Structure formats: C-alpha cells, structure tokens
Amino acid sequence: MAVQISTLEKHLISLRRISENRTAESERAIRRVYKELLKDLREFIGVEYATLSEDDKLSYEILQRKGQYARFLEEVERRINNLTPAASKEITQLIEQVYTLSYEGMAAAVEKAASSEELAALLEGVKYVTPEILRNAVENPISGLTLSDTLEKSRKEIIYNIKRQITTGLLNGDRMSSMAKRIKESVEQNYRKSITIARTETHRVREAGFNDSAKGIND
C-alpha cells in the first residue's frame with residue numbers, strides 16, 4: 001500500500017498550522033475575558049472606595065464596622081463567576097475542535113496521499129470522530145484530573161487568589177491605587193494559567209488526534 005510520505009507530511013504541517021491559528025484565536029478570546037474581569041473588578045472596587053473608604057483607605061475594620069465585609073467578598077466572587085466560565089468554555093471548544101481537526105484531518109491526509117482503493121475502504125470507518133471518541137479524548141485524565149476537573153480547579157483558584165489579594169489589601173488598609181495593583185497582578189497571573197492550560201491541552205489532543213486516527217487506519 002504505497003503512500004507518498006512527502007505529501008502526507010505536507011498535509012500534517014498544514015493541520016498543525018491550522019490548529020496553531022485556532023489556538024491563537026482562543027488565546028485572544030481568553031485575554032478579552034480577563035480584561036473584562038479586570039475592568040469589572042476595578043469598577044466595583046472604585047465604587048466601594050468612593051462609598052466606604054476613609055481617607056482613601058479601605059480596611060477590614062471599616063467594612064466590619066459598616067457591616068459590609070461579607071457582602072463585599074460575596075460580590076467579588078459573584079463577578080468572577082459571571083465572567084470566568086466564558087474562558088473555560090472557550091478552552092473546551094478549542095480542545096474539541098483541535099482534536100476533531102487532527103483526527104479527521106489525518107484520515108483525509110492519508111486518503112489524499114494514497115491512491116489505493118483498499119485504503120479508501122479502510123478509511124471509511126475512521127474518517128469522522130464519534131461523540132464517544134471525542135469525549136474520551138477531551139476528558140483524558142492529566143495528572144489524575146480530567147479536563148473538566150482541571151478547569152473547575154482553575155476556577156476555584158482564581159476566586160481564591162483574587163479574594164486572598166483583596167483580603168490582604170483590606171488587612172493592610174490599602175489605598176485605592178495599591179488595591180487596584182493587587183487585583184491587576186492576580187488577574188494577570190490567573191490569565192497566564194488559563195493560557196498554559198489551553199496550550200498544554202491543545203498540544204495533547206492534536207497529537208492524540210493524529211495517533212488515534214492512524215491507529216484506526218492501521219487496525
């Protein structure tokens with residue numbers, strides 16, 4: 001069964017380029033989510049300082065005295081939860097699309113690179129990703145965690161990290177500028193973690209898609 005290796009490699013290079021472009025699109029979308037989160041938190045903190053601060057300082061004691069501490073942190077968490085699911089959804093869609101592209105693209109690449117009718121018949125059973133294959137590939141555990149687990153863990157870490165920074169600022173009686181800096185640093189740190197998840201998972205499912213499709217062809 002003769003396959004033109006150079007032609008096949010050409011198609012695989014093209015598939016990798018397409019997946020890289022799709023990843024770059026997702027990274028821009030994720031960046032927009034975190035920019036919106038930062039903007040929203042800054043606006044909220046600005047209003048709280050204007051309303052509750054004393055001498056441009058806001059502290060745990062001030063919020064407790066005014067009966068606002070619990071509400072303050074609950075509102076922070078609510079705003080994080082309103083926006084971060086969009087980043088998780090974007091990552092999940094990216095992973096599903098890249099795996100599908102790699103799996104089906106491999107089969108199409110082999111089909112184009114070979115003229116054998118026997119091979120064409122074999123490819124009929126592996127051309128398209130079934131929902132079961134896609135689910136198993138996307139949710140493949142990494143370090144004991146599925147993709148859903150990883151994204152949920154990341155969501156909780158975002159909430160914890162931002163609330164921790166804000167609480168530290170309140171205990172220190174930060175001025176508005178210092179609190180804004182804390183929030184910015186925390187949001188950007190969590191943005192970088194989301195990008196790392198997206199890149200790591202994209203690489204994993206791209207190679208898994210190639211391998212799974214090739215395995216189906218050889219079987």
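Biologist: Which residues does Thr-150 touch, not counting residues up to four places away in sequence?

Modeller: A contact means heavy atoms within 4.5 Å. By that rule, and leaving out residues up to four places away in sequence, Thr-150 touches Leu-145 and Ile-197. This is a predicted model, where local features need pLDDT of at least 70 and side-chain atom pairs count only at pLDDT 80 or more, while totals for chains, interfaces and linings use all residues. Residues are numbered from 1 along each chain as its sequence is written, and side-chain values use heavy atoms, without hydrogens and water.

Biologist: Where does Thr-150 lie, and why does Thr-150 count as buried, partly exposed or exposed?

Modeller: Buried means under 20% relative accessible area, exposed over 50%, partly exposed in between (1.4 Å probe, protein chains only). Thr-150 lies in helix H6 and counts as buried because its relative accessibility is 19%. Across the chain, 42% of the 219 residues are buried.

Biologist: How many helices and strands does the chain have?

Modeller: Both are DSSP runs numbered from the N terminus: helices are H or I with at least four residues, strands E with at least two. Here the chain has 7 helices and 0 strands, so its elements read α-α-α-α-α-α-α from the N terminus on. Among contacts between residues at least 6 apart in sequence, 82% join residues at least 24 apart.

Biologist: In which helix is confidence lowest, and in which is it highest?

Modeller: pLDDT is the predictor's confidence in each residue, from 0 to 100. Helix H4 (residues 117-123) is lowest, with a mean of 49, and helix H2 (residues 60-65) is highest, at 96. For the chain the mean is 86, and 84% of residues reach 70 or more.

Biologist: What volume does the largest pocket have?

Modeller: On a 1 Å grid over the protein atoms alone, a pocket is an open set of points with protein on both sides within 12 Å along at least five of seven lines, whereas in a cavity a 1.4 Å probe fits but cannot get out; lining residues have an atom within 4 Å of a point. Points join across faces, edges and corners, and probe spheres set on them fill the volume. The largest pocket comes to about 220 Å³. It is lined by 11 residues, and the closest to its centre are Leu-145, Thr-150, Lys-153, Lys-193 and Ile-197. H6 and H7 are the elements that give two or more residues to this lining, and H7 gives the most, with 5.

Biologist: How many cavities of 30 Å³ or more are there?

Modeller: The structure holds 1, and about 60 Å³ of space lies in the largest cavity. Its lining includes Tyr-34, Thr-84, Arg-155 and Ile-197. Helices H3 (69-113), H6 (147-172) and H7 (176-218) each give two or more residues to that lining.
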